[in-house]
Amino acid sequence: MITVSDIEAILYKTVEPFGLARYPWGNVPDADKQLGEERVVIRAKSQKNETYWKHSYAEVNLMVPDTDSQADLVRLAELERQAHEAFDEDTVGEWDGTAYRYAADTVGIEEDTALKCHYVNVRILFSVLNY
């Protein structure tokens with residue numbers, strides 16, 4: 001069995017080479033203040049049972065602080081390219097004896113005015129083999 005916490009752990013391993021500070025959903029320090037450093041925050045959502053697969057969506061957010069009130073478009077483009085390389089193709093694996101697969105559903109750049117940052121948002125469709 002793969003839980004939503006397991007999904008987050010799997011996806012954090014995927015983005016580890018990006019070199020961003022890792023903050024689990026719900027444990028982000030100063031989540032209501034201006035972003036001070038690049039970070040990745042991943043949130044896996046509830047799973048839906050179907051005949052052969054349990055499907056879930058996860059949001060991978062690669063966050064970059066704004067500089068002088070402007071988006072760092074060069075860094076965002078780098079992260080967006082890395083996200084496409086990491087998530088465009090189906091990734092298949094096994095976790096605790098359970099097979100899974102995942103790939104990007106959408107990739108785009110968003111803005112968070114409260115945190116004064118922009119981020120690459122990757123929406124992942126994550127499927128777990130339903131035994």
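This is a predicted model: local features need pLDDT of at least 70, side-chain atom pairs count only at pLDDT 80 or more; totals for chains, interfaces and linings use all residues.
Colleague: Now to the rings. What describes a pair of aromatic rings?

Modeller: Such a pair is described by the distance of the centres and the angle of the planes. In this model the count comes to 4 aromatic pairs. One of them is formed by Tyr100 and Phe126, whose rings are stacked, at 5.3 Å centre to centre and with 20° between the planes. This pair links distant parts of the chain, as Tyr100 belongs to strand β6 (residues 98-112) and Phe126 to strand β7 (residues 117-129), 26 residues apart.

Colleague: Why do Tyr100 and Phe126 count as buried?

Modeller: A residue is called buried when its relative accessible area is under 20%. Tyr100 is buried because its value is 11%, and Phe126 counts as buried because its relative accessibility is 0%. Phe126 also forms a stacked pair with Tyr102, at 5.3 Å centre to centre and with 10° between the planes. Here too distant parts of the chain are linked, with Tyr102 in β6 and Phe126 in β7, 24 residues apart. Tyr102 counts as buried because its relative accessibility is 3%. Together, Phe87, Tyr100, Tyr102 and Phe126 form one aromatic cluster.

Colleague: Which residues touch the most other members of the largest nonpolar core?

Modeller: As a general idea, nonpolar side chains in soluble globular proteins tend to be buried together. The largest nonpolar core here has 27 residues, and those touching the most other members are Leu11, Val15, Val60, Leu62, Phe87, Ile124 and Phe126. At least two residues of this core come from each of α1 (4-15), β2 (39-44), β4 (53-65), α2, β6 and β7. Apart from it lies another core, of 7 residues, including Leu35, Val41, Met63 and Cys117. If you follow Phe87 beyond its neighbours within four places in sequence, you find it in contact with residues including Leu11, Val15, Val60, Tyr102 and Ile124.

Colleague: Where do the charged ends of Arg101 and Arg123 sit?

Modeller: The charged end of Arg101 sits over the ring of Trp53, 4.3 Å from its centre, while that of Arg123 sits over the ring of Tyr57, 3.7 Å from its centre.

Colleague: Finally, is Arg75 buried or exposed?

Modeller: Arg75, in helix α2 (residues 73-87), is buried because its relative accessible area is 16%. Its side chain is joined to that of Glu38 by a polar contact of 2.9 Å. Leaving aside neighbours within four places in sequence, Arg75 is in contact with Phe18, Leu20, Glu38, Val64 and Gln82.

Notes. Residues are numbered from 1 along each chain as its sequence is written. Side-chain values use heavy atoms; hydrogens and water are left out. Helices (H or I, at least four residues) and strands (E, at least two) are DSSP runs, numbered from the N terminus. Buried means under 20% relative accessible area, exposed over 50%, partly exposed in between (1.4 Å probe, protein chains only). A polar contact is a pair of N or O atoms within 3.5 Å; within protein, one must be able to donate a hydrogen and the other to accept it, and residues adjacent in sequence count only if both atoms are side-chain atoms. Contact means heavy atoms within 4.5 Å. Rings of Phe, Tyr and Trp (its six-membered ring) pair if their centres lie within 6.5 Å; planes under 30 degrees apart count as stacked, over 60 as edge-to-face and the rest as tilted. A charge sits over a ring if NZ of Lys or CZ of Arg is within 6 Å of the ring centre and within 35 degrees of the ring normal. A nonpolar core is a set of buried Ala, Val, Leu, Ile, Met, Phe, Trp, Tyr and Cys residues joined through side-chain atoms within 4.5 Å.
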